[in-house]
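This report goes through one protein structure, from its overall make-up to a few local details. The sequence and the model are shown first.

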Amino acid sequence: MTQDKGLTDADYRALAAFRHVIRRFQSFSEGQAAQAGLTPQQHQALLAIRAAAPEQATVGYVAERLILKPHSATGLVDRLVALGLIVREGAADDRRRVFLRLTHSAYAKLETLSAIHREEVQRLRPALLNILDQLACEAAPDIRTGC
C-alpha cells in the first residue's frame, strides 16, 4: 500500500470533496429514515431485503450487506418483525432455512424513501461525477478520455 507517493494537492481536495458528498448523502438518508419512523440500519435492511432475490433474503444476507455480525443482524431482524415490517418464512424444502419477506407496510415505506433517495442521488450526480473524474484523471491521465 502506498502512503503518499504521487498524490497531489488536487488529489487530497478531490478525496475530501468525495468524502464530504458521501457524508452529506448519509446525513440526508438518516434524516429521511427518521422521518419515516426508521433507524438508518432498519431502512438499509429493508432496502437490502427488497433488492435481494427471494431465496437470498436471509439474516445472513442482511448481515453481509450491512456489514454486521450475525447476532447484530438477528437483533435488527427481530426488531423489524416486531414493527410489522418483515416476516420470517420457512423454506418449503428445508425448514431450517428462513427467508425474510417485506410486509405491505414495509413496501409502502420503502417506496416513498427510495423515491426521495433517488431524487437526492440525481441531485448529487453532477458533483459526484466531477469528483470521480478528477480522481480518475489524476490517477491515470489519458488524452483519449480527456484527462
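The sections below cover the fold, an aromatic pair, a histidine and a helix packing.

## Overall make-up

The model is predicted. The protein contains 5 helices and 2 strands, and their order along the sequence is α-α-α-α-β-β-α.

The protein has 147 residues, and 27% of them count as buried. When contacts between residues at least 6 apart in sequence are considered, 53% join residues at least 24 apart.

## The aromatic pair

A pair of aromatic rings is described by the distance of the centres and the angle of the planes. The protein has 1 aromatic pair. The pair is formed by F25 and F28, with ring centres 6.2 Å apart and planes at 35 degrees, so the pair is tilted. The angle falls between the limits for the other two classes, because planes under 30 degrees apart count as stacked and those over 60 as edge-to-face.

Both residues belong to helix α1, which spans residues 9-35. F25 and F28 are 3 residues apart there, which means that about one helical turn separates them. F25 has a relative accessibility of 24% and therefore counts as partly exposed, since the class of buried residues ends at under 20%.

## H43 in helix α2

Helix α2 covers residues 40-51 and includes H43. Is H43 buried or exposed? With a relative accessible area of 4%, H43 is buried, because the value is under 20%.

Leaving aside residues up to four places away in sequence, H43 touches S29, A33, L38, L110, L113 and H117.

## Packing of α2 and α4

Two packed helices are described by the angle between their axes and the distance between the axes. For α2 and helix α4 (residues 70-82), the angle is about 85 degrees and the axes are 10 Å apart. This makes α2 roughly perpendicular to α4, because angles of 65 to 115 degrees count as roughly perpendicular.

Which residues make the contact? From α2 they are Q41, Q42, A45 and L46, and from α4 they are L76, R79 and L80. Sorted by class, the contact of α2 with α4 has 4 nonpolar, 2 polar and 1 charged residues.

Methods
Residues are numbered from 1 along each chain as its sequence is written. This is a predicted model: local features need pLDDT of at least 70, side-chain atom pairs count only at pLDDT 80 or more; totals for chains, interfaces and linings use all residues. Side-chain values use heavy atoms; hydrogens and water are left out. Helices (H or I, at least four residues) and strands (E, at least two) are DSSP runs, numbered from the N terminus. Buried means under 20% relative accessible area, exposed over 50%, partly exposed in between (1.4 Å probe, protein chains only). Contact means heavy atoms within 4.5 Å. Rings of Phe, Tyr and Trp (its six-membered ring) pair if their centres lie within 6.5 Å; planes under 30 degrees apart count as stacked, over 60 as edge-to-face and the rest as tilted. Axes are lines fitted to C-alpha atoms, for helices over the stretch in contact, and angles run from 0 to 180 degrees between N-to-C directions. Angles under 35 degrees count as roughly parallel, over 145 as roughly antiparallel, 65 to 115 as roughly perpendicular and the rest as oblique. Ala, Val, Leu, Ile, Met, Phe, Trp, Tyr, Cys and Pro count as nonpolar, Asp, Glu, Lys and Arg as charged, and the others, Gly among them, as polar.
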